[in-house]
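Welcome! Here is a short tour of a protein chain for someone meeting it for the first time. Please keep the picture open as you read.

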Amino acid sequence: MTTLAHTMMTAARSADSGLAGPGELDRYPYGEVPGADRVSPSVWDATDPELGRVGRRAAGSRGRGLHGQLVQQLGQMIVSGDLGADRPLVPEEIGQRFEVSRTVVRESLRVLEAKGLVSARPNVGTRVRPVSDWNLLDPDIIEWRAFGPQRDNQRRELSELRWTIEPLAARLAAGHGRPEVQQRLTDMVEIMGHAMGQGDALTFSRADAEFHSLLIQVAGNRMLEHLSGIVSAALQVSGNPVTGCDRPTEASLTHHARIAEALAEGDGSGAETAMRQLLTVHPEVERVVPAPREH
């Protein structure tokens, strides 16, 4: 196993155990499995006082402090429908309910406004916006939808989007790979193989996300590059049992290896075909896209 592969697997295990790895964790900033310990009160007047205390709820905060936790909590409530469209959001009420300062509330609402979830207007205040106004490509909104009532639709839409993006990216990347990039892709495949053999789903998912993100970034298309975060978000949410996604398989690993080999050989057609085969491993994709054609 290469040094990079060994280091990344060690860092992933450290993250899983709650320990800091030797300087590597910042390079792989993937959060814990979402949805495992979150609570979304359906009304402001929650009977359990713990539901309104953001500072005590570390799960899902991703280390972003009170501001990040409040964004997470309000975002989940809006996306789940607990806070419906045109619902007024009174900063003072939010601050009291979640026991945070006015500054934290104000900054959190600004983040949600940037995501299209709320709007703030003079003499009207801050209100929840309809789904048609949301930035549905925002990684946070992708995650919130994937672990809420819209999880089935979000999973299907992500599959369709990946089918549109990644085969093209694989074809384009075949002409832009540098030796160090190619080695990194090969390392990711090696890591996935070792992780699967050890039943280490966390390490596998991190290497998988790194593989797909890197491939899109080296495709030589800046507009596609901006979509790499969407693919990473899709991989993170699809790997969780909540969405019913299959666990890593030998077929998936084989297709990743074939993609890396085709890229090393400059075979754009082969890389595209292997990517299409990879994306049809999961049954939900087969229902919305045709079987890949051999070139």
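Axes here are lines fitted to C-alpha atoms, for helices over the stretch in contact, and angles run from 0 to 180 degrees between N-to-C directions. Helices (H or I, at least four residues) and strands (E, at least two) are DSSP runs, numbered from the N terminus. The model is a predicted one, in which local features need pLDDT of at least 70 and side-chain atom pairs count only at pLDDT 80 or more, while totals for chains, interfaces and linings use all residues. Residues are numbered from 1 along each chain as its sequence is written, and side-chain values use heavy atoms, with hydrogens and water left out.

**The whole chain**

The protein chain holds 13 helices and 3 strands. Of its 295 residues, 45% count as buried, a word that means under 20% relative accessible area, with exposed being over 50% and partly exposed in between (1.4 Å probe, protein chains only). Taking a contact as heavy atoms within 4.5 Å, 67% of the contacts between residues at least 6 apart in sequence join residues at least 24 apart.

How many of the 8 residues of helix H5 are buried? In H5 (residues 139-146), 7 of the 8 are, so the helix is mostly covered. Among them are Asp140, Glu143 and Trp144. At the start of H5, a side-chain oxygen of aspartate 138 comes within 2.8 Å of the backbone nitrogen of aspartate 140.

The axis of H5 comes within 7 Å of that of helix H6 (residues 151-173), and the two cross at roughly 130°. That makes H5 oblique to H6, since angles under 35 degrees count as roughly parallel, over 145 as roughly antiparallel, 65 to 115 as roughly perpendicular and the rest as oblique. On the H5 side, Ile141, Ile142, Arg145 and Ala146 make the contact, and on the H6 side Arg151, Asn153, Gln154, Glu157 and Leu158.

**The sheet**

The 3 strands form an open, antiparallel sheet in the order E1-E3-E2. Strands E1 (88-89) and E2 (118-121) stand at the edges with a single partner strand each, so one side of each has no neighbour in the sheet. Two strands pair if DSSP finds at least two bridges between them. The table shows both pairings.

| Strands | Bridges | Residues opposite each other |
|---|---|---|
| E2 and E3 (residues 125-128) | 4 bridges | serine 119 and arginine 127 |
| E1 and E3 | 2 bridges | proline 88 and arginine 127 |

Valine 118 also stands opposite valine 128 in E3. E2 and E3 form a hairpin with 3 residues between them, and asparagine 123 in the turn has a positive phi of about 65°.

**A loop residue**

Is aspartate 200 buried or exposed? Its relative accessible area is 15%, so aspartate 200 is buried. Aspartate 200 sits in the loop between helix H7 (179-197) and helix H8 (201-217).

Terms used
A polar contact is a pair of N or O atoms within 3.5 Å; within protein, one must be able to donate a hydrogen and the other to accept it, and residues adjacent in sequence count only if both atoms are side-chain atoms.
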